[in-house]
Amino acid sequence: MRNTVLQLCLWSACCCFATGDPTPLGPEGRLQDELDKSRVAQTAAKPPVRFNLRTSEDPEHEGCDLSLGHSQPLADCGFNVTAKTFFVIHGWTMSGMFENWLYKLVSALQTREKGANVVVVDWLPLAHQLYVDAVNNTRDVGHSIAQMLDWLQGKEDFSLGNVHLIGYSLGAHVAGYAGNFVKGTVGRITAIAEVLKCEHERAVHLFVDSLVNEDKPSFAFQCTDSNRFKKGTCLSCRKNRCNSIGYNAKRTRNKRNSKMYLKTRAGMPFRVYHYQMKIHVFSYKNLGDMEPTFYVTLYGTNADSQVLPLEMVEQIGLNATNTFLVYTEEDLGDLLKIKLTWEGKSQSWYNLWKELRSYLTQPRTSKQELHIRRIRVKSGETQRRLTFCAEDLENTLISPGQELWFHKCRDGWRMKSEASPTVEHL
């Protein structure tokens, strides 16, 4: 989030000095002067931006408006110059009214940060336009916020370092402009944007969740693409490769943007628990191409998981280590054992097609069977590594419709040399 805002600020800085030269003399100069006056008149004609200090968690409460250059409303509204100050900035609107997410975010901030100033930046008349016109208004709204912050900095004990700008959708652009125009450095800017249109407002609800469920933070992991994440190969926290999301995100010194991935529950709290599973699959027969459907059930000291599918991102490798990502909605505690199930024959058209394809590609005398001796597991949230060995080392064979049990046999993963007693630690 921070990196996105910084990119926007750098672009703004390049543009804001474009009209710094004196106005030339002559007809061209007079024409330019008239154009400048026209721009000022247009800006003055635009509806003003309101700064509404929310003094109650009741969304029906009107709050209290602050007025640039007037100190009395600060006192009347109960603005605390020494406290944290949040500016919540909405985006483009089709209805011309505040959406429900804004009230939820305001309430979450008031609950999490008792005594903080929560100011809603109301630019609804400027946002309730054609989208392109609303985009063009973001710069002016950002300038208005910067003016308010510059004025507040003249108040004793007010610190720009205590200010947190939170912008959603086009409001993120507004926050970037405000951070660029203000005299000084804002303490924090959060830009909340949607990646997928079908997940409308999902990002802002994740941010709200991070405020109200402080004890259940959601973690995201750096990864180059979604397929690698689905394989579970990106659950590393080394060199700032993982971070909690939303309000609880830790500041890092990344010089470039990075993609972060996570799984979530359908509703709040959104936190899930990620696990990487490494399964070395042996085959002593020439089975050709195989597409087994595996499921696992995890058993822990706190709870047991539901039956979890092992998603096949690519074709399973025989006599090779295959990596999968699974996640649970419950905190299972310390894992104790794992049940691996190979789905039996099903009457679905897809499974019938799989069976037909297997019949055409595999030798006629072959039987579908694999050997699995151990499963290695890594927790994304705790970074703990565990090894689970087959319950019966003399029977590691599994076929469709069968299951294998694995019990924890080792903390950590062995190094490449299995003969060495050394355990690999993070």
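The buried residues of H8 (202-212) are covered by elements that include H4, strand E5 (163-168) and strand E6 (188-192); contact here means heavy atoms within 4.5 Å. This is a predicted model, in which local features need pLDDT of at least 70 and side-chain atom pairs count only at pLDDT 80 or more, while totals for chains, interfaces and linings use all residues. Residues are numbered from 1 along each chain as its sequence is written, and side-chain values use heavy atoms, with hydrogens and water left out. Helices (H or I, at least four residues) and strands (E, at least two) are DSSP runs, numbered from the N terminus.

Nine of the eleven residues of H8 are buried, that is, under 20% relative accessible area with a 1.4 Å probe and protein chains only. Among them are His205, Phe207 and Asp209.

How do H4 and H8 cross? The axes of H4 (residues 100-112) and H8 come within 9 Å and cross at roughly 20 degrees, the axes being lines fitted to C-alpha atoms over the stretch in contact, with angles from 0 to 180 degrees between N-to-C directions. That makes H4 roughly parallel to H8 (angles under 35 degrees). Residues of H4 including Trp101, Leu105 and Arg112 meet residues of H8 including Val204, Phe207 and Leu211.

Turning to the sheet, six strands form an open, mixed arrangement in the order E2-E1-E4-E3-E5-E6; two strands pair if DSSP finds at least two bridges between them. Strand E2 (64-66) and E6 stand at the edges with a single partner strand each, so one side of each is left without a neighbour in the sheet.

Notes
Angles under 35 degrees count as roughly parallel, over 145 as roughly antiparallel, 65 to 115 as roughly perpendicular and the rest as oblique. Buried means under 20% relative accessible area, exposed over 50%, partly exposed in between (1.4 Å probe, protein chains only).
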